[in-house]
Amino acid sequence: MAKLVAILATTHHPFFYKTSRLPAEEAPPFAADWVRKVEAYRETLTRARPDVLVMVGSDHFHQMWLDNMPQFLVGKAPYYDGNWDNEVREFGMPKLFFQGHEELSAYMLREGIDRGFDLAFSHELRVDHSITCPIFTVRPQNDLPIVPIYTNIFAPPLPRPERFVKLGQTIREIIDAWPSELRVAVIGTGHLSLELGGPRQFGPHGPDPEFDARAVEWIRTGDIDGALANVTLDSLHAPGNATHGFMDFMLMMGIAGYEKADYADNLDLFHTMEAYFTWYPDPSLVPGLPLVSKGSLS
């Protein structure tokens, strides 16, 4: 059976790529710390030696629109384009080209349907920065095949938080059952408190630091029940108008189960908090453990 070697849950800040390439005299004061934290986090994937990446993200109204909005979609293509023209223009990100893994995509679709999720699929998918940002941060060589999974966190009616957790649990079951000898890592990206286009955008920190602190603790400690007891579709409006992206973190908690993260770090970065978590489901598959976080949550 396949080996699930790492689970990574992270934010996806679209300005990291550009910021990390600025000369020191042009970089903002937080740039060096941001790069240092990302490079430390990158090692958590590198040491797992994955063969294929399952990438969980959410389309930012690039390919999915109100005329056809799937709740959960699996890419099923041999290749994928990455980044849209506005992301190149506004965030300074390059276009990318990914190899797909059609076998795992097909297996995930068939098994997901049989396990109670009517998953949509696409043979022509251009992924956006929710997928490409973690490639820039934790696999910049972009040398592994991917299976992209998109969730709907933007266009009501949304799936409820418990449905995201259940999908995560189902993804874990599917990977564990996949008749393959390949090493699989799952990388999912979401938000903590976040305001887009509203009055709390671009503040000195995330719009709701109290929510961020609680959310980080739920993720770090594997407290799925605590998150589910406090997070609803309605409550997620209060920390910021885009905070429903936290449900993608809850999906990743579903994959990891009730386990503390093996690595946890964060960075309070002007209008948002960046956060980085990694779990190793079977430490015997990853050399050099235990791993100690190099950031503020160590």
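The radius of gyration is taken over C-alpha atoms, and the globule rule sets it at 2.2 Å times the number of residues to the power 0.38. For 298 residues, this rule gives a value near 19 Å for a compact globule. The protein has 18 Å, which agrees. The model is predicted. Along the principal axes, its C-alpha atoms fill a box of roughly 50 × 45 × 40 Å.

The protein has 9 helices and 11 strands. Of its 298 residues, 58% count as buried. Among contacts between residues at least 6 apart in sequence, 80% join residues at least 24 apart. The accessible surface comes to about 12200 Å². Carbon and sulfur atoms account for 53% of that surface. Charged side chains number 25 positive and 39 negative. The centres of the two sets lie 4 Å apart.

Helix H2 covers residues 31-46. At 1.5 Å a residue, its 16 residues should span 22 Å. The end C-alpha atoms are 22 Å apart, so the helix agrees with expectation. Buried residues of H2 include Ala31, Trp34, Lys37 and Val38. Ala40, Tyr41, Thr44 and Leu45 are also buried. In an α-helix, residues three or four places apart point the same way, because there are 3.6 residues a turn.

Leu45 is in contact with Leu53, a residue of strand E2 (residues 52-57). Leu53 has a relative accessible area of 0%; buried means under 20%, so Leu53 is buried. Beyond four places in sequence, Leu53 also contacts Ile135, Arg139, Leu144, Pro145, Ile146, Val147, Ala185 and Ile187. The C-alpha atoms of Leu53 and Phe277 are separated by 16 Å. These two residues are 224 residues apart along the chain.

Key
Residues are numbered from 1 along each chain as its sequence is written. This is a predicted model: local features need pLDDT of at least 70, side-chain atom pairs count only at pLDDT 80 or more; totals for chains, interfaces and linings use all residues. Side-chain values use heavy atoms; hydrogens and water are left out. Helices (H or I, at least four residues) and strands (E, at least two) are DSSP runs, numbered from the N terminus. The expected span of a helix is 1.5 Å times one less than its number of residues. Buried means under 20% relative accessible area, exposed over 50%, partly exposed in between (1.4 Å probe, protein chains only). Contact means heavy atoms within 4.5 Å. Accessible areas come from the Shrake-Rupley method with a 1.4 Å probe; for residues, only the protein chains shown count as cover. Lys and Arg count as positive and Asp and Glu as negative; His and the chain ends are not counted. The place of a charge is taken as NZ of Lys, CZ of Arg, CG of Asp or CD of Glu.
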